[in-house]
Amino acid sequence: MVTVVAFHAHPDDEVLLTGGTIARLAADGHRVIVVVACDGDVWAGPDQGRRLAELRASAAILGAGRVVHLGYADSGYGPVLFEDPPGRTRFARADIGEAAGKLAALLTEEHADLLLSYDPQGGYGHRDHVRVHQVGAQAAGLAGVRVVEATVPRELVARVARLLLVLRLLPRHRLDEMLGYGMPQSLITHRIDVRRHVAQKQAALAAHQTPVSGNGRSAKLFRLLVRSPLPVFRAVCGTEWFAEPGGRTGKLARGHAAVPDRQD
Ligand SMILES: [Zn+2]
């Protein structure tokens with residue numbers, strides 16, 4: 001039995017990037033703790049706290065034993081970094097050492113064996129995701145815990161981006177940006193087969209009602225995933241990828257795929 005801390009930027013990231021891995025680890029009897037840096041509320045409104053409640057529902061479906069919010073506010077996506085909401089700091093403005101200290105304390109308290117964090121650009125460059133990488137790397141160093149970083153194969157993203165363009169789910173100007181997402185296949189050290197856990201992964205995604213019921217392209221994509229038949233969802237979301245700094249390929253936990261076992 002190992003204890004794994006899955007560190008994420010926002011509610012719903014835990015499903016999309018690591019949901020199947022969390023479910024698989026939990027099903028094998030390991031303890032998983034989901035830590036989220038931001039509460040997911042860009043604005044302090046009447047719905048404050050709703051995203052964290054959705055996260056708790058999602059984590060329960062995946063089998064995680066505990067959910068922790070590091071206390072920061074969502075920095076939002078786009079060129080403008082808005083003022084801090086009352087009483088909270090946007091994660092992009094957070095002091096990296098302070099945030100890493102909080103995460104390291106949790107890793108120590110939980111006797112964690114492994115930290116799941118993000119690749120250097122946080123998959124797709126969102127400022128809060130980049131900060132997760134920075135804070136995760138520093139916290140792992142402070143607590144002396146092994147870290148592996150969630151990512152996506154760049155070559156696969158390029159194929160998906162071109163498909164989304166054809167389906168008119170992606171504006172042309174975003175294509176070039178998407179071609180730089182994730183990491184080259186050659187740097188990916190862990191490729192986790194989560195096909196047996198996709199029903200849980202899809203149900204966990206559906207627990208995030210705020211993005212499911214939202215407007216805009218990302219909400220459309222979210223709904224497409226939540227409503228797709230399970231075989232389709234399995235094909236799209238049945239694999240998760242990690243890169244371990246230094247290129248090591250040891251198993252995440254006993255019984256887990258260590259080295260890439262399928263080709264994308
Ligand atoms: Zn996010």
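Which residue forms a salt bridge with K201, and how far apart are the closest N and O atoms?

A: The model is predicted, so local features need pLDDT of at least 70 and side-chain atom pairs count only at pLDDT 80 or more, while totals for chains, interfaces and linings use all residues. Residues are numbered from 1 along each chain as its sequence is written, and side-chain values use heavy atoms, with hydrogens and water left out.

K201 forms a salt bridge with E240, and the closest N and O atoms are 2.7 Å apart. Here a salt bridge is a side-chain nitrogen of Lys or Arg within 4 Å of a carboxyl oxygen of Asp or Glu. This pair links distant parts of the chain: K201 lies in helix 7 (residues 198-206) and E240 in strand 7 (residues 239-243), 39 residues apart. Helices (H or I, at least four residues) and strands (E, at least two) are DSSP runs, numbered from the N terminus. K201 and E240 are both buried; buried means under 20% relative accessible area, exposed over 50%, and partly exposed in between (1.4 Å probe, protein chains only).

Salt bridges with shared partners also join D12, R50, R51 and E54 into one network. Over the whole structure, the search finds 12 salt bridges.

An α-helix has 3.6 residues a turn, so residues three or four places apart point the same way. R51 is buried at a relative accessible area of 7%, and E54 is buried at 6%.

A further bridge joins E109 to R66, whose closest N and O atoms are 3.1 Å apart. This pair too links distant parts of the chain, with E109 in helix 3 (residues 96-109) and R66 in strand 3 (residues 66-72), 43 residues apart. R66 is partly exposed, with a relative accessible area of 27%.

Helix 2 itself can be checked for length. Its 13 residues should span 18 Å at 1.5 Å a residue, and the end C-alpha atoms are 19 Å apart, which agrees; the expected span is 1.5 Å times one less than the number of residues. The buried residues of helix 2 are R51, L52, E54, L55, S58, A59 and L62. They cover an arc of only 155° around the axis and therefore lie on the same side of helix 2, the arc being that of the directions from the helix axis to the C-beta atoms. The cover over these buried residues includes helix 1 (13-27), strand 2, strand 3, helix 7 and helix 8 (209-212), where contact means heavy atoms within 4.5 Å. Helix 7 is the element that holds K201. Just after helix 2, G63 takes a positive phi of about 95°.

W43 counts as exposed, at 55% relative accessibility.
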